[in-house]
Amino acid sequence: MSGGSGSFLEIQPSELAFPFELMKQSSCSMQLTNKTDHYVAFKVKTTNPKQYCVRPNIGVVLPGSTCDVTVTMQAQKESPPDMQCKDKFLVQSVAAENGATAQDINAAMFNKEPGKVVDEFKLRVVYVPTTTPSPIPEDSELGSSAHSSAQENGINHSAMPQSVSRSYAETTKEKSSEATSVISKLTEEKMSAIQQNQKLRQELDLLRKESSKNGGRFSITFLVVVGLLGIIVGYILKRT
């Protein structure tokens, strides 16, 4: 930013730009360069002294040297309309005796009198809004980009888990239904086999009794029944 120039001092910048953030102090600086070959005294004034702290607000700049002045703005409780500030600063400078120090400066030195040169340079105050960092991490931004890309490609990730869950539930339900049907069928077969076994045992007992009456001889029917009984018992053991 361009500065200003008087008879004694060159002042940079030409306006004071303060980073503005509510409830926070902010500072900026200006450089006073003595472009003469003698001592120059300066004084910094403002239209709103309660709002700013200037260090140093008075001083002496040696020939060809530069003095840095720091201006601190107190914390603001509210933002001004349209972020516009009406505050202004005034830098006064006069020739001083060689060897002069800040202790030698007094208010009378800056009084305007005939034949006396008092340079005055005005600076306005500008507020610079600060950008608050986004709380969203970079990973989230990448995730958002990936999500957008997926939507562009026709992929709706939010619907996929529901579809998978629904498909899994339907498959599980079908398998459960099939298992129940098989168990029910096996149970029926088992009960039927047990009933047949009991019936054959009864018939076998009758045949044994008849065999006893016939002197211990087994008929062909008895042998057939015994064979069938063995087959059925083996089938039951295998299925259970």
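**Contacts, strands, cores and loops**

Me: Which residues does Gln92 touch, not counting residues up to four places away in sequence?
Reply: The model is predicted, and contact here means heavy atoms within 4.5 Å. With residues up to four places away in sequence left out, Gln92 touches Ala41, Phe42, Lys43, Lys45, Phe110, Val118, Asp119 and Glu120.

Me: Is Gln92 buried or exposed?
Reply: Gln92 belongs to strand S9, residues 88-95. Its relative accessibility is 6%, and the cut-off for burial is under 20%. Gln92 therefore counts as buried.

Me: Which residue has a side chain joined to that of Gln92 by a polar contact?
Reply: Such a contact requires a pair of N or O atoms within 3.5 Å. The pair in question is 2.9 Å apart, and the partner of the Gln92 side chain is that of Glu120.

Me: How many residues lie between S1 and S2 in their hairpin?
Reply: S1 and S2 are paired in the antiparallel sense over 2 bridges. Ser5 has Glu10 of S2 as its bridge partner. The hairpin that S1 and S2 form has between them 3 residues.

Me: Which residues form the covered face of S6?
Reply: In a regular strand the side chains alternate between the two faces of the sheet. The uncovered face of S6 carries Cys53 and Arg55. Its covered face is formed by Tyr52 and Val54.

Me: What is the bridge partner of Val54 in S8?
Reply: S6 is joined to strand S8 (residues 66-73) by 4 bridges, and these strands run antiparallel. Tyr52 stands opposite Met73 in S8. For Val54, the bridge partner in S8 is Val71.

Me: Which residues have the most contacts inside the largest nonpolar core?
Reply: In soluble globular proteins, nonpolar side chains tend to be buried together. The largest nonpolar core of this model has 26 residues. At least two of its residues come from each of S2, S3, S4, strand S5 (40-46), S6, S8, S9 and strand S10 (119-129). Those with the most contacts inside this core are Phe18, Met30, Tyr52, Val69, Val71 and Phe89.

Me: How many residues form another core, apart from the largest one?
Reply: This other core includes Val60, Val94, Ala96 and Phe110. Its residues number 10.

Me: What is omega for the cis peptide bond that joins Arg55 and Pro56?
Reply: A cis peptide bond also leads from Gln12 to Pro13, with omega near -5°; Pro13 is in the loop between strand S2 (9-12) and strand S3 (15-20). Pro56 is found in the loop between S6 and strand S7 (58-61). For the bond joining Arg55 and Pro56, omega is about -10°.

Me: Is Met23 buried or exposed?
Reply: Met23 is found in the loop between S3 and strand S4 (26-34). Its phi is positive, about 60°, although Met23 is not a glycine. At a relative accessible area of 57%, against a cut-off of over 50%, Met23 is exposed.

Me: What is the relative accessible area of Met83?
Reply: Met83 is placed in the loop between S8 and S9. Its phi is near 55°, a positive value in a residue other than glycine. Met83 is partly exposed, with a relative accessible area of 24%.

Me: How far apart are the end C-alpha atoms of residues 183-210?
Reply: An unreviewed UniProt entry annotates residues 183-210 as "coiled-coil region". In the model this span is 100% helix and 0% strand. The distance between its end C-alpha atoms is 40 Å.

Terms used: Residues numbered from 1 in each chain as written. Predicted model: local features only at pLDDT ≥ 70, side-chain atom pairs only at ≥ 80, totals over all residues. Heavy atoms only, no water. Buried < 20%, exposed > 50% of the residue type's maximum accessible area, 1.4 Å probe, protein only. Polar contact = N/O pair within 3.5 Å; in protein donor to acceptor, adjacent residues only side chain to side chain. UniProt positions renumbered as here; feature names shortened; annotations may be inferred. Pairing = 2+ DSSP bridges. Core = buried A, V, L, I, M, F, W, Y, C linked by side-chain atoms within 4.5 Å.
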